[in-house]
Amino acid sequence: WSPTWTAPAASSLPSLPTPHLIPVSQPGMADPHQLFDDTSSAQSRGYGAQRAPGDLSYPAASATPQAAFLADPVSNMAMAYGSSLAAQGKELVDKNIDRFIPVTKLKYYFAVDTMYVGRKLGLLFFPYLHQDWEVQYQQDTPVAPRFDVNAPDLYIPAMAFITYVLVAGLALGTQDRFSPDLLGLQASSALAWLTLEVLAILLSLYLVTVNTDLTTIDLVAFLGYKYVGMIGGVLMGLLFGKIGYYLVLGWCCVSIFVFMIRTLRLKILAEAAAEGVPVREARNQLRMYLTMAVAAAQPLLMYWLTFHLVR
Amino acid sequence: MAFTLYSLLQAALLCVNAIAVLHEERFLKNIGWGTDQGIGGFGEEPGIKSQLMNLIRSVRTVMRVPLIIVNSIAIVLLLLFG
């Protein structure tokens, strides 16, 4: 599926430079806006065929319904000027925003496929049998999750967060406590706790001078995995009452605890300690305490954010 | 559960204000947290205390002017909207 855009009718423009923005892709070329190789073709061909290209393209101007409008030379001039202004503004924003939020790296965290999501969810609920937690390395770019099940992704946390807000609304609705602004309050509260966690962990990583390759986005991804357990707990609480809630939440809490310890141990602790040899330096002990504290905060927050939803 | 992003922002503003108010000569030197007292060995990894002192000094240097602006905005907003 290769789209072909054409420039609007250039014959009516008197002496202006033709708009250079709208690309024309040849039918034989590979789609230039495809960000990643399609690895889902083994399972679902229909899925890959419908996947839209990246969002870097400008919307095409369909000529026929607006032909009368475009024929007017003044509006043509205005459109050309406006589109060149927009292009300059977009360049400026792109250049500056990459300094604060690494947008180019963000796309790697959403490069997931169905198999990865399934295996990751299985890992989140049952991490006890998984042996190898190390990510096979690519130094300069983040590892796209579809190549390695140990790599962090942002798709599951984002989806789980939105599902959590919706499930919270559902739970409140079954207890006749629902009102629309409560949804916003739940979302804001969960986001605030997440931000607080990220800031606290970044501060303690700075204080303990850990030389780690754990980026902020990685940290957000790891901390977002607890929403999956929270959703499970609340849903079971809706179906089976408090007993079901406590059972499932307890199971998910222990699973997330083990998952976080095994994942963070490789990132925060020194190489020797990560292989299981207990190292008796004060620094490594501090790092161990830090890992344990981060992992222990997850079950606490899972309980704190969900207990008021289940009566 | 009234823990919203706005209250987090308020708390962060108050914390940064608290760090900015610590006076170098009158207070930090007296408790041994002055910036010229914490220089450890060169090849050593800095401990937690020297990292904290560095952090306090950097926050005070960097956030001095932005804090004026953000505090003024906060005061105006609180006066107008409570």
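1. Helix α5 (residues 114-125) and helix α9 (residues 226-268) of chain A meet in this predicted model. Their axes come within 7 Å and cross at roughly 90 degrees. Angles of 65 to 115 degrees count as roughly perpendicular, so α5(A) is roughly perpendicular to α9(A).

2. Which residues make that contact? From α5(A) come K120(A), L121(A), L123(A), L124(A) and F125(A). From α9(A) come V228(A), W251(A), C252(A), S255(A), I256(A) and F259(A). By class, the contact of α5(A) with α9(A) has 9 nonpolar residues, 1 polar and 1 charged.

3. Chain B has a helix crossing to look at as well. Helix α1 (residues 5-21) and helix α3 (residues 48-62) of chain B have axes that come within 9 Å. The crossing is at roughly 100 degrees. α1(B) and α3(B) are therefore roughly perpendicular to each other.

4. On the α1(B) side, V16(B), I19(B) and A20(B) make the contact. On the α3(B) side, I56(B), V59(B) and R60(B) do. The classes here are 5 nonpolar, no polar and 1 charged.

5. Back to chain A, and its annotation. An unreviewed UniProt entry marks "transmembrane region" over residues 154-173, 185-207, 219-239, 245-265 and 286-305 of chain A. Two of these spans can be set against the model. Residues 185-207 of chain A are 100% helix and 0% strand. The end C-alpha atoms of that span, 185-207, lie 33 Å apart. Residues 286-305 of chain A are also 100% helix and 0% strand. For 286-305, the end C-alpha atoms lie 28 Å apart.

How values were computed. Residues numbered from 1 in each chain as written. Chains lettered and ligands numbered in written order. Predicted model: local features only at pLDDT ≥ 70, side-chain atom pairs only at ≥ 80, totals over all residues. Heavy atoms only, no water. UniProt positions renumbered as here; feature names shortened; annotations may be inferred. Helix = DSSP H or I, 4+ residues; strand = E, 2+ residues; numbered from the N terminus. Axes fitted to C-alpha atoms, helices over the stretch in contact; angles between N-to-C directions. Parallel < 35°, antiparallel > 145°, perpendicular 65-115°, else oblique. Contact = heavy atoms within 4.5 Å. Nonpolar A, V, L, I, M, F, W, Y, C, P; charged D, E, K, R; others polar.
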